[in-house]
Amino acid sequence: MMKNVKLDIAKTGIEISADIEAKAQAANALLHSGKGAGNDFLGWVHLPSSISENEIDAIRKEAAKLRSKADVVVCIGIGGSYLGAKAVLEAMSDPFKLLHKEQKDPTVIFAGQNISEDYTAELLAALKEHSIAAIVISKSGTTTEPAIAFRLIKAEIEKRYGKKEAAERIVAITDKARGALKTLATQEGYPTFVIPDDVGGRFSVLTPVGLLPLAVAGVDIAALVRGAQEMEKATAEGVAFKENPAAVYAAVRNILYNGGKKIEILGSYEPKLQYINEWWKQLYGESEGKQGKGIFPASVTLTADLHSMGQYIQDGERTLFETIISVAKPAAEVLIEADGENLDGLNFLAGKRISEVNRMAELGVQLAHVDGGVPNIRIEIPEISESVIGGLLYFFEKACGISGYMLGVNPFDQPGVEAYKKNMFALLDKPGYEEASKAIKARL
Ligand code: PA5
């Protein structure tokens, strides 16, 4: 089995039958054959191995330009055009970076992932103190939230630096030909990167959508892609079932779901992985939650959430299972010191590393939850590094494709996300929505 993702399903108590094994292998083969549902969105399957050095170089070159011009780069996007970059950036960042006086990399911040007036006002106010640039990301080029944010950030950049310099400080990532953002980028002369037609938003982290903001932030994108390439090989068609962690994960989820476990909680004892959870929730929720089916993806960050969600997980409705991303080796070493007075009674921990306590918490929780009827899948990664995270992302993507096909849905569409947009546009009197506006307002 691939060393960067070790899957342990012993604590699910599940034996995978030959039938389920065959179904998982067939689902993987279907992905590779390109004959399954949603087969016009399978570009992600071979994305890691198809990214050329030239593409990485072009992304790095553009990132270097933005790095030289700005100390804050605003990355504008939502959903699949936001969460991948955010997840990897959080995983690879020192959470206390802003407290350090010396900043070696520009700060990448996010906008367009909400329509909050206060968030926008506070962002615009904070930007006044910095030299700024922007990356605007939208595959469709028509998504309302990032379009509103970009309008404001673009105006700020143009006001400060003029239109010509704005074209040096704004990069657009969008469809090769379609959408308002493409039209705007062409007209304004912005450097542009393309989101391939056959890669959906939630599978786009290894395209410029994820790679450009990450390169700007100083993340080693070549290592990220390398890790994903290794995982692409480790999960390819023809790999034996037991050697393919994506197939095994998909198979176990399928068995748990059919046995009544409708909610999967992804958790980790490393807070840096919190946004990996958020990225994963979109990946699985949007891919599988359709036709009245699908595991509901939830998440916790541990041990913090043991003090909020712990009671429910241990003792609430028994429709849950959990998947824990366990990091084998912390990057740092911090020892707990002995205290002469021992008023807190913690001297029994003196000399131990904090990670040892964290590990025992993890093992203790695992057994307690299993005893409480919550099956546990453990995904061990050796460390938090670019190549390991790249492998983890691809592992989850591949397992998601297999799992969706095993469930019998098209994992690559998202018809359900359109419903709210129609209502919102009708309520806002968008031209063309006149009839819908009347109808919806009558319901308020
Ligand atoms: O996965 C998806 O397709 C969605 O989450 C989209 O990424 C999200 O709606 C943003 O779309 P766009 O990139 O077209 O602005």
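Mentor: Helix α6 (residues 144-169) lies across β2, β3, β4 and β5, at about 135° to β4. Helices (H or I, at least four residues) and strands (E, at least two) are DSSP runs, numbered from the N terminus. Axes are lines fitted to C-alpha atoms, for helices over the stretch in contact, and angles run from 0 to 180 degrees between N-to-C directions. Contact means C-beta atoms, placed from the backbone, within 7 Å. This model is predicted: local features need pLDDT of at least 70, side-chain atom pairs 80 or more, while totals for chains, interfaces and linings use all residues. Residues are numbered from 1 along each chain as its sequence is written.

Trainee: In what order do the strands of the open sheet run?

Mentor: Two strands pair if DSSP finds at least two bridges between them. Here the order is β3-β2-β4-β5-β6, with parallel pairing. β3 (107-111) and β6 are the edge strands. The twist averages 20° from one strand to the next.

Trainee: Which residue of β4 is the bridge partner of I76?

Mentor: V136. Strand β2 (residues 72-76) is joined to β4 by 5 bridges.

Trainee: Which residues of α7 are buried?

Mentor: Buried means 20 or more other C-beta atoms within 10 Å of a residue's own; exposed means 12 or fewer, partly exposed in between; C-beta atoms are placed from the backbone. An α-helix has 3.6 residues a turn, so residues three or four places apart point the same way. In α7 (residues 180-188), L181, K182 and A185 are buried. They fall within an arc of 100°, taken from the directions from helix axis to C-beta atoms, so they line one face of the helix. Their cover includes β4 (132-138), β5 (170-174) and β6 (192-194).

Notes: Two residues are in contact if their C-beta atoms, placed from the backbone, lie within 7 Å.
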